[in-house]
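Here is a short briefing to read alongside the model. Take a moment with the fold, then walk through the topics below.

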Amino acid sequence: MSLPLITDLARDELAQWCQAQGEHAYRADQIRKWIFGKRIDNFDAMTDLSAALRKKLAESFALFSSRVAARQTARDGTEKLLLELADKETVECVLMREEDRRTICISTQVGCGMGCVFCASGLLGLSRNLSAGEIVEQILRLDRLLPPLERITNIVVMGMGEPLANLPNLLKALASLDEKGGMGLSARRITISTVGLPEKIRELARQGKAYNLAVSLHAPNDRLRNELVPVNERIGIGTILEAADDFFEQTGRRVTYEYVVLAGRNDGPEEARELAALLSSRNAHLNLIPMNAVSELPFHDPGADRLRVFVDALERGGVTTTVRKRKGIDIDAACGQLRLRNK
Ligand code: SAH
């Protein structure tokens with residue numbers, strides 16, 4: 001039997017454990033500082049704790065539950081890790097370097113149950129949710145790739161899985177980062193991307209935190225969205241937009257709509273018109289993601305010229321549009337691809 005993962009405990013849970021050992025509750029913050037701030041990799045390195053407490057920690061908890069099964073570095077400095085979890089399942093996470101930002105992309109589930117037809121993560125279906133600690137662990141592993149003075153500045157929850165289908169564990173993991181002893185990474189630097197689960201969007205809004213919401217729209221009408229995002233049949237675009245509007249109203253955070261651009265499938269003039277009709281009246285932002293090729297799948301990037309025409313039509317239609325910057329194109333950049341190759 002493996003030991004429980006220490007990062008599965010929230011700050012107050014760790015404080016309670018410390019008290020149960022006859023220690024002060026504030027020891028929890030000391031322990032957390034070593035884990036989140038000082039990048040140690042064993043309990044014995046926690047030199048401001050007594051030898052007895054360090055021993056107890058080591059007997060009671062695992063500091064990490066995964067091993068790095070693969071690591072890829074792209075020419076632009078993007079790094080991708082494939083982590084093998086205690087039960088041999090694997091998940092991917094990515095570090096992207098820009099001038100003034102260090103953004104990481106993390107996963108919330110092993111596989112995915114949403115079945116979007118262009119996505120590599122869903123090809124093998126859903127295995128299970130990640131625990132809060134397993135989500136935190138991706139952040140810690142990626143943080144340890146940075147040089148001593150660099151820190152993670154932003155998190156996008158856009159890796160494998162549907163984050164809102166594992167909301168309690170995700171919220172626990174993210175809260176841990178911003179509590180005392182954590183990484184000081186606040187909600188406004190974190191973006192959660194969802195296929196669009198209306199009730200869960202409302203639940204996220206009710207947290208009273210400034211998380212950014214990104215909704216994966218991918219089609220401007222239900223007929224096309226049902227084809228590309230099969231779970232849409234049970235939901236429908238109208239319900240999702242309503243929930244996203246409520247999210248904006250409640251949090252004041254402008255919602256981003258993501259739209260994977262699939263050559264010849266969702267990028268014609270009619271789609272641009274319909275999309276503009278949906279979004280131009282909303283305080284929304286559209287982020288186009290040119291299809292990242294997945295060898296098993298029959299969808300393609302539209303190419304620069306076709307994409308330009310689509311963007312121009314959207315902007316004429318009154319939609320603020322950006323195109324997602326490509327990162328790590330020479331490694332298996334599309335989420336789920338590295339895991340797929342290692343199966
Ligand atoms: N389940 C969440 C997170 C998915 S990954 C969601 O649906 O939003 C983040 C984004 O990448 C989503 O918009 C997803 O649809 C998109 N995506 C998935 N596969 C892709 C691919 N091969 N090329 C481009 N974007 C892709």
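Leucine 82 is a residue of strand 2 (residues 79–84). Helices (H or I, at least four residues) and strands (E, at least two) are DSSP runs, numbered from the N terminus. The model is a predicted one: local features need pLDDT of at least 70 and side-chain atom pairs count only at pLDDT 80 or more, while totals for chains, interfaces and linings use all residues. Residues are numbered from 1 along each chain as its sequence is written, and side-chain values use heavy atoms, with hydrogens and water left out.

- Leucine 82 has 1% relative accessibility and counts as buried; buried means under 20% relative accessible area, exposed over 50%, and partly exposed in between (1.4 Å probe, protein chains only).
- Setting aside neighbours within four places in sequence, leucine 82 is in contact with Arg67, Val68, Ala69, Ala70, Thr90, Val91, Glu92, Leu338, Arg339 and Asn342, where contact means heavy atoms within 4.5 Å.
- Arginine 339 is 257 residues away from leucine 82 along the chain, yet their C-alpha atoms are separated by 6.9 Å.

**Helix 1 against helix 2**

- Two packed helices are described by the angle between their axes and the distance between the axes.
- For helix 1 (residues 11–20) and helix 2 (residues 27–37), the axes come within 8 Å and cross at roughly 120°. Axes here are lines fitted to C-alpha atoms, for helices over the stretch in contact, and angles run from 0 to 180 degrees between N-to-C directions.
- Helix 1 and helix 2 are therefore oblique to each other; angles under 35 degrees count as roughly parallel, over 145 as roughly antiparallel, 65 to 115 as roughly perpendicular and the rest as oblique.
- The crossing of helix 1 and helix 2 is right-handed. A crossing is right-handed if the near helix is turned clockwise from the far one by less than a right angle, and left-handed if anticlockwise.
- On the helix 1 side, Arg11, Leu14, Ala15 and Cys18 meet Arg27, Ala28, Asp29, Ile31 and Arg32 of helix 2.
- By class, this contact of helix 1 with helix 2 has five nonpolar, no polar and four charged residues. Ala, Val, Leu, Ile, Met, Phe, Trp, Tyr, Cys and Pro count as nonpolar, Asp, Glu, Lys and Arg as charged, and the others, Gly among them, as polar.

**How helix 2 is covered**

- Nine of the 11 residues of helix 2 are buried, leaving the helix mostly covered.
- The buried residues of helix 2 include Gln30, Trp34, Ile35 and Phe36.
- Among the elements covering them are helix 1, helix 3, helix 4 (132–143) and helix 5 (167–178).
- After helix 2 comes arginine 39, with a positive phi near 55°.

**Two further helix pairs**

- Helix 4 and helix 5 have axes that come within 8 Å and cross at roughly 45°, which makes helix 4 oblique to helix 5.
- Helix 4 passes helix 5 in a right-handed crossing. Ala132, Ile135, Val136 and Ile139 of helix 4 make the contact with Asn169, Leu170, Lys172, Ala173 and Leu177 of helix 5.
- That contact of helix 4 with helix 5 has seven nonpolar, one polar and one charged residues.
- The axes of helix 9 (residues 269–279) and helix 10 come within 9 Å and cross at roughly 35°, and the crossing is right-handed.
- Glu271, Ala272, Leu275 and Ala276 in helix 9 meet Phe310, Ala313 and Leu314 in helix 10.

**Aromatic pairs**

- The structure holds two aromatic pairs. Rings of Phe, Tyr and Trp (its six-membered ring) pair if their centres lie within 6.5 Å; planes under 30 degrees apart count as stacked, over 60 as edge-to-face and the rest as tilted.
- Tryptophan 17 and phenylalanine 61 have ring centres 5.1 Å apart and planes at 65°, so the pair is edge-to-face.
- Both tryptophan 17 and phenylalanine 61 are buried.
- Tyrosine 259 and phenylalanine 310 form a tilted pair, 5.8 Å centre to centre with 40° between the planes.
- Tyrosine 259 lies in strand 10 (residues 255–261) and phenylalanine 310 in helix 10 (residues 304–316), so the pair ties together parts 51 residues apart in sequence.
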